[in-house]
Amino acid sequence: MKKSVRTFLMLVVMLSISAGWLLAGLLLLSIPARASGLVQHGLPLTSAPVPVKIHLQQPVSSVHAIPYYKDAIPALLGRPACLSSVKVPRCYSPAQIREAYHIAPLLKAGITGKGQTIVIIDFFQSPNLRHDLHLFDQLFGLPDPVLTIHAPNGLVPFDPKDPAQVISADEINLDVEWAHAIAPAARIDLVLSRTQSYGDLYNATRYAIQQNRGGVLSQSFGFPETGAPEGAVEKEHALFVQARARGITVFASSGDRGVVEPIYIGTPKKVVAIAPGVEYPASDPLVTSVGGTTLDILMNGRGSKETVWSNRYGATGGGFSRIFARPGYQKNFARTIGPTRGIPDVAYNADPTVGFPVVVTIVKGKTLIVPIGGTSAGTPQWAALVALGNQLAGRRLGFINPILYQLVEGPTYHRVLRDITVGNNDFILALLGMMLRVPGYAAAPGWDATTGLGTPIATPLIKLLASLLGIPRNVPSSSFGYRYRPPLTYYRHTCHKRFHHRHCHPCACR
């Protein structure tokens with residue numbers, strides 16, 4: 001087994017709880033070594049949580065958007081300067097992104113998402129979304145889409161002084177405007193969770209899937225796997241089983257803090273460590289997880305290049321699940337991934353310093369154009385790409401992970417996906433005035449725990465997916481090399497009767 005190095009950092013951590021800021025004490029942070037690459041069993045040898053007596057409030061979901069407010073301008077001033085900048089901070093127009101990811105030929109051929117619906121799940125609300133979307137369309141010469149907003153459990157009154165609601169409004173506008181930019185003729189169904197709690201998000205997801213609102217679903221949020229309430233992951237996974245049966249392609253962003261995750265145990269939940277981990281729902285085997293890159297579009301039409309996103313604004317989430325076994329479609333990467341699910345599956349531009357301009361109004365009369373990044377930026381755009389594929393195929397592409405992983409084995413891999421081989425997902429942690437680098441994983445040829453299989457070369461990729469997945473619906477799922485793997489119990493690795501499944505018992509699925 002390859003040698004692994006344990007790095008210990010003694011940190012004084014200030015943790016926020018509902019009563020205010022309290023000194024949590026010295027936290028021993030165990031970090032995975034990257035010098036020898038991924039260790040044999042997938043989870044870094046140093047990934048075991050270090051017990052620490054720290055009590056937190058119940059965890060909630062968080063969005064994966066990072067606004068770059070330094071470059072925000074009033075919308076009345078027109079196109080932001082970052083669109084024409086030759087050095088960071090920069091931002092990209094829909095036309096630039098379409099060229100960089102080879103989407104433009106599909107649109108020119110009339111594959112625009114016509115007849116398709118992109119379902120986006122977010123929480124809270126963006127009170128001026130329709131106004132902002134119209135301005136975004138005017139700014140970039142796009143048609144206004146058909147936008148339907150659903151709130152299955154009602155909405156919380158918008159509070160512009162609540163940071164959680166403000167960042168959620170940024171997220172909603174990012175998701176809607178940029179899904180529309182990639183698939184301009186597709187309908188958009190926005191399903192809003194009342195709050196960011198697990199229960200409300202589950203209800204919104206259940207509504208979207210059971211009402212069969214559209215053929216592709218985007219989720220730009222996540223929570224630590226171990227932070228979910230008892231039974232929550234199993235319930236959510238059951239919804240994704242239903243989504244697969246209905247031919248719905250499900251995407252989720254992988255997160256913006258590299259490998260760093262709080263580890264929770266108990267009821268009520270309390271954090272016991274900060275250790276390498278991943279977020280749910282991105283870690284679910286029935287979800288296509290989207291990581292992040294830094295996209296450098298070269299001037300004068302000379303193409304583009306990409307590296308793994310990691311800077312002081314964040315880093316692409318990536319790593320290995322603590323609760324899900326490695327799915328069948330990742331079996332050929334067992335030496336790199338090990339026995340548990342590895343994420344992300346794919347990637348897209350996420351760096352806020354080369355972000356996506358978003359029109360957003362938090363306070364009426366003060367509309368801004370804000371460059372936004374984070375792995376949430378690529379998630380609705382991947383969803384939009386699949387909407388294009390659904391139109392081209394004349395049917396829903398459905399669950400695409402097995403085919404994506406099969407592509408790596410053949411000669412078409414580098415024609416349809418750009419393999420990102422430079423960079424890492426080190427995370428810069430700001431603590432008490434110090435900047436600490438938390439080592440992550442390194443990019444490598446083929447799949448890796450930073451950008452997965454790579455970023456889309458959209459026209460050949462979508463054409464290939466449409467041809468390969470344009471098949472009769474009665475073909476058994478085993479034809480795609482995947483079968484359902486019930487979640488593992490991380491802490492004791494015990495098997496529970498409630499996880500019984502007709503395909504396999506969890507003990508046998510490890």
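**Aromatic pairs and a helix crossing**

Q: How many aromatic pairs does the structure hold?
A: There are 17 aromatic pairs. Keep in mind that this is a predicted model.

Q: What is the geometry of the Phe223 and Tyr280 pair?
A: Tilted. The centres of Phe223 and Tyr280 are 5.8 Å apart, with 50° between the planes.

Q: Which parts does that pair tie together?
A: Phe223 sits in strand E11 (residues 221-224) and Tyr280 in strand E15 (residues 279-280), so the pair joins parts 57 residues apart in sequence.

Q: Are Phe223 and Tyr280 buried or exposed?
A: Both Phe223 and Tyr280 are buried.

Q: And Tyr329 with Tyr405, what geometry there?
A: That aromatic pair is tilted, at 5.2 Å centre to centre and 40° between the planes. The pair links distant parts of the chain, 76 residues apart. Tyr329 is in the loop between strand E20 (319-325) and helix H7 (334-337), and Tyr405 is in helix H9 (residues 401-407). Tyr329 and Tyr405 are buried.

Q: Which residues form an aromatic cluster?
A: Tyr101, Phe136, Phe140, Trp178, Tyr348 and Phe356 form one.

Q: Switching to helices. How do H8 and H11 cross?
A: The axes of H8 (residues 378-393) and H11 (residues 458-469) come within 9 Å and cross at roughly 50°. That makes H8 oblique to H11.

Q: Left-handed or right-handed?
A: The crossing of H8 and H11 is right-handed.

Q: Which residues meet there?
A: From H8, Trp382, Leu385, Leu388, Gly389, Leu392 and Ala393. From H11, Ala458, Leu461, Ile462, Lys463 and Ala466. By class, the contact of H8 with H11 has nine nonpolar, one polar and one charged residues.

Definitions and conventions. Residues numbered from 1 in each chain as written. Predicted model: local features only at pLDDT ≥ 70, side-chain atom pairs only at ≥ 80, totals over all residues. Heavy atoms only, no water. Axes fitted to C-alpha atoms, helices over the stretch in contact; angles between N-to-C directions. Helix = DSSP H or I, 4+ residues; strand = E, 2+ residues; numbered from the N terminus. Parallel < 35°, antiparallel > 145°, perpendicular 65-115°, else oblique. Left-handed = near helix turned anticlockwise from the far one by under 90°. Contact = heavy atoms within 4.5 Å. Nonpolar A, V, L, I, M, F, W, Y, C, P; charged D, E, K, R; others polar. Phe/Tyr/Trp six-rings, centres within 6.5 Å; stacked < 30°, edge-to-face > 60°. Buried < 20%, exposed > 50% of the residue type's maximum accessible area, 1.4 Å probe, protein only.
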